[in-house]
Amino acid sequence: MDGDGRTAPCDDGALLTIGAFARASRLSPKALRLYDELGLLPPAHVDPHSGYRHYAPAQLERARLVAWLRRLGMPLARIREVCELAPDAAALAVAAYWAQVEADTAARRDLAAFLVDQLERKNTAMTTPHTPLTMRCAALTDQGLVRPAHQDAAHAGPRLLAVADGYGPDGGRAAKAAIEALKGLEDQDLTSADLLGALEEAAHRAHRAPRAHRAGGDHRAAPAAEGTTGCTLTALLRSGTQLALLHVGDSRAYVLRDSGLLQITHDHSLVQSLIDEGRLTPEEAASHPQRAQLLRSLDGATEFAPDLQLLEARPGERYLLCTDGLTGVVPAETIQQVLTAADGPDQAVRELIRLAREAGAPDNVACVVAEMTGA
């Protein structure tokens, strides 16, 4: 058998028809035809006149492995990689895949619990009075130890929390402009029904700003040849117990509850899309050469497509908004420990920045922490 699972041509009497091979391998003829097209399990011989496929008995071992891996839910591209490995290496690859499945399942379980809790809170909010909340918050940014410029921005106010991570020749100004576009919301008396619309419109103005600068010939804007400019944006806007969340890019928002720390945003990045497709593991993503490539951002050139959701806050919860300068070097478990142990938001942001610097701080860092307390 050669590297792609095809055997050398032999007498038809020693081969199995596709039907017989399907029964022996527990794969359907339709699946076998698909795996042939993908080069995963090509037949040993194809009749040049009829097109009938024939398989060698020696191919059954590979076929059964493919069937088992498909039952695990492994993507076809990854199955092909496993099938090309020696048995010991294949065993390690399967173990690594299943460990990732279990981690993903745990993350989805936490997300499901979060969604169930949010829906139950909305139902309760319709029938019982809200518990008045106050919000203590703090924001802190740091240039880090490697970057020549500081392009992160953060804001923590009575109603608004936000972080932005700039990129490109004028990324620092883009991040600050995005935050400034939202600050006017602090002075607006918004009801829960207005929150998402007001936050989205303010962010849309920030998204259009780079294009307006280019069209107006702003002398401070960098030439297009020097690279594009834009920023990420993650923000929470509060009215009573309601929190409107807006998210674009790979900065993140987390909530700490009794059930633990949960990431409530999804990265809009190339590596996250590859993870979602099963083509990359989170461990591989950390060192991927294109890990900084964004699929969505505020840049005035691409479509404005933020994620939006409305959350119901409760006393005792702590929220963290941060750029990838923190999450890229400080593990989620450590972040949870800091948020749990800190006396308040100010201590939490200072400790998180310290840990990022202790880990080498290769990027700028921005953190916002807010704590919900009963009024």
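**Exercise 1. How many bridges join strand 2 to strand 3, and do the two strands run parallel or antiparallel?**

*Solution.* The structure is a predicted model, in which local features need pLDDT of at least 70 and side-chain atom pairs count only at pLDDT 80 or more, whereas totals for chains, interfaces and linings use all residues. Residues are numbered from 1 along each chain as its sequence is written, and side-chain values use heavy atoms, with hydrogens and water left out.

Step 1. Strands (E, at least two residues) and helices (H or I, at least four residues) are DSSP runs, numbered from the N terminus. Two strands pair if DSSP finds at least two bridges between them.

Step 2. Strand 2 and strand 3 (residues 53–55) are joined by 2 bridges and run antiparallel. Within strand 3, Arg 53 is the bridge partner of Val 46.

Step 3. The open sheet has 3 strands in the order 1-3-2, with antiparallel pairing. Its edge strands, each pairing on one side only, are strand 1 (16–17) and strand 2 (45–46).

**Exercise 2. Identify the elements that hold Arg 147 and Asp 363, and classify the exposure of both residues.**

*Solution.* Step 1. A salt bridge requires a side-chain nitrogen of Lys or Arg within 4 Å of a carboxyl oxygen of Asp or Glu. By this rule the model has 16 salt bridges.

Step 2. One of them connects Arg 147 to Asp 363, with the closest N and O atoms 3.0 Å apart. Arg 147 lies in the loop between strand 4 (133–142) and strand 5 (152–156), and Asp 363 in the loop between helix 12 (345–358) and strand 14 (365–374). The pair is 216 residues apart and thus links distant parts of the chain.

Step 3. Relative accessible area under 20% is buried, over 50% exposed, and in between partly exposed (1.4 Å probe, protein chains only). Asp 363, at 14%, is buried, whereas Arg 147, at 42%, is partly exposed.

**Exercise 3. Which residues form salt bridges with Glu 201?**

*Solution.* Step 1. Arg 205 forms a salt bridge with Glu 201, the closest N and O atoms being 3.9 Å apart. Glu 201 and Arg 205 are separated by about one helical turn because they are 4 residues apart in helix 7 (residues 192–215).

Step 2. Arg 208 also forms a salt bridge with Glu 201, at a closest N and O distance of 3.7 Å.

Step 3. Glu 201 is partly exposed at 37% relative accessibility; Arg 205 is partly exposed at 39%, and Arg 208 is partly exposed at 30%.
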